[in-house]
Amino acid sequence: MEIIDLGGHSGCKILLCETDDNKRFVRKISSSVSYNKRLETQARKQKEFKSEYIKTPSVLRTGFTEDNLFYFDMEFIQGVTLSKYIENVEITRIKELVIKIINYIKTEKSTDSKTNEAVFKNKIEKLREKLGKENSIINEALSMLEEHSWSNFEKSTCHGDLTLENIIIKNDQLYLIDFLDSFYDCWILDISTLLQDVELLWSYRNDEKVNINTILRLLIFKDILIDEIKSDDDFLYVEVYYALLLKIIRIFPYAKDEFTYRFLESKAKYVIDIINGEKKNENFNSALCRK
Ligand SMILES: Nc1ncnc2c1ncn2[C@@H]1O[C@H](COP(=O)(O)OP(=O)(O)OP(=O)(O)O)[C@@H](O)[C@H]1O
Ligand SMILES: [Mg+2]
């Protein structure tokens with residue numbers, strides 16, 4: 001029944017399968033018994049997902065293998081991931097892609113509920129314990145995260161890992177896959193994950209050379225995304241960068257090689273500069289208003 005192993009990075013098995021009557025579907029199997037719960041959450045998020053702008057492959061069934069590994073079967077979307085698609089997409093078409101994603105994120109945002117700042121404080125405290133003695137950039141980032149008020153991070157529905165690799169496009173329709181249970185569910189974190197790809201080029205970090213056409217398209221994607229965020233009063237532009245900084249700092253403990261470590265370091269510095277630049281602008285503007 002299995003025809004192709006679709007791979008993946010998380011250790012889960014992703015198999016393209018075919019039924020006796022030639023119907024294709026994808027089976028995602030947990031990497032270990034201890035990962036079962038997370039994959040069950042993923043299947044549940046995918047099943048409950050609803051949006052008028054974006055789809056997700058329908059979940060067909062769930063179950064356990066003989067080794068007690070949880071799996072779920074879903075519709076096979078014969079398309080390409082957005083990370084691949086963006087490489088050659090016509091430039092004039094990028095805006096509609098961004099708008100679809102932003103519209104979806106706005107629907108996440110509309111599910112806002114109370115903020116739980118303590119979750120952020122605890123997370124940052126743990127990171128301080130782990131990374132406090134590493135280097136000056138990490139220290140500066142940690143201080144900024146510690147001083148920041150996370151009161152704008154109201155809980156909402158959230159994809160949890162909104163990278164370009166986890167969006168499939170087929171006939172102009174976007175599909176989200178690989179939902180994740182993150183430490184905190186909030187739409188701002190989804191935007192920061194997108195920026196991690198389109199602005200920091202995270203998914204492309206191991207490519208020997210990223211094609212200039214790809215970089216150009218990612219830049220345009222990023223500019224449109226930022227414009228959309230800024231044009232909506234409620235969309236909290238600087239908060240997205242605080243979330244991005246937290247995201248980068250959280251990856252440090254997992255950086256296994258020098259290259260990844262240096263990559264993260266330079267991106268942390270880059271994001272710190274954006275936040276500081278924005279703060280300067282704010283101070284300048286409020287000084288102007290007082291005059
Ligand atoms: N329903 C589907 N239809 C078509 N292709 C799929 C489907 N589900 C997964 N894939 C393909 O398999 C790849 C890996 O899937 P997925 O992102 O779920 O795996 P993962 O191992 O959890 O990856 P990650 O490291 O991002 O968590 C996708 O990028 C996509 O190319
Ligand atoms: Mg994935």
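Visitor: Hi! Which residues of α4 are buried?
Guide: Hello! In this predicted model, the buried residues of α4 are Phe120, Ile124 and Leu127.

Visitor: How are those buried residues arranged, seen down the axis of α4?
Guide: They fall within an arc of 60°, so they line one face of the helix.

Visitor: What covers the buried residues of α4, then?
Guide: The cover includes two other helices, α5 (136–147) and α8 (237–251).

Visitor: How far apart are the end C-alpha atoms of α4?
Guide: They are 21 Å apart. Helix α4 has 15 residues, 117–131, and at 1.5 Å a residue it should span 21 Å, so the two values agree.

Visitor: Let's zoom out. How many helices and strands does the protein have?
Guide: Its secondary structure comes to nine helices and eight strands. The radius of gyration is 20 Å, close to the 19 Å that the globule rule gives for 291 residues, so the protein is as compact as a globular protein of that length.

Visitor: What share of the residues counts as buried?
Guide: Of the 291 residues, 30% count as buried.

Visitor: Which residues have the most contacts inside the largest nonpolar core?
Guide: Those are Ile188, Leu244, Leu245, Ile249 and Ala268, in a core of 53 residues. Helix α8 gives the most to this core, with nine residues.

Visitor: New topic: in what order do the three strands of the open sheet come?
Guide: The order is β6-β7-β8, and the pairing is antiparallel. The edge strands, each pairing on one side only, are β6 (80–81) and β8 (173–176).

Visitor: Over how many bridges do β7 and β8 pair?
Guide: Strand β7, residues 167–170, pairs with β8 over four bridges, in the antiparallel sense.

Visitor: Nice. Which residue in β8 stands opposite isoleucine 167?
Guide: That is leucine 176.

Definitions and conventions: Residues are numbered from 1 along each chain as its sequence is written. Chains are lettered from A and ligands numbered from 1 in the order in which they are written. This is a predicted model: local features need pLDDT of at least 70, side-chain atom pairs count only at pLDDT 80 or more; totals for chains, interfaces and linings use all residues. The expected span of a helix is 1.5 Å times one less than its number of residues. A residue is buried if 20 or more other C-beta atoms lie within 10 Å of its own, exposed if 12 or fewer, and partly exposed in between; C-beta atoms are placed from the backbone. The arc is that of the directions from the helix axis to the C-beta atoms. Two residues are in contact if their C-beta atoms, placed from the backbone, lie within 7 Å. Two strands pair if DSSP finds at least two bridges between them. The radius of gyration is taken over C-alpha atoms; the globule rule is 2.2 Å times the number of residues to the power 0.38. A nonpolar core is a set of buried Ala, Val, Leu, Ile, Met, Phe, Trp, Tyr and Cys residues joined through C-beta atoms within 7 Å.
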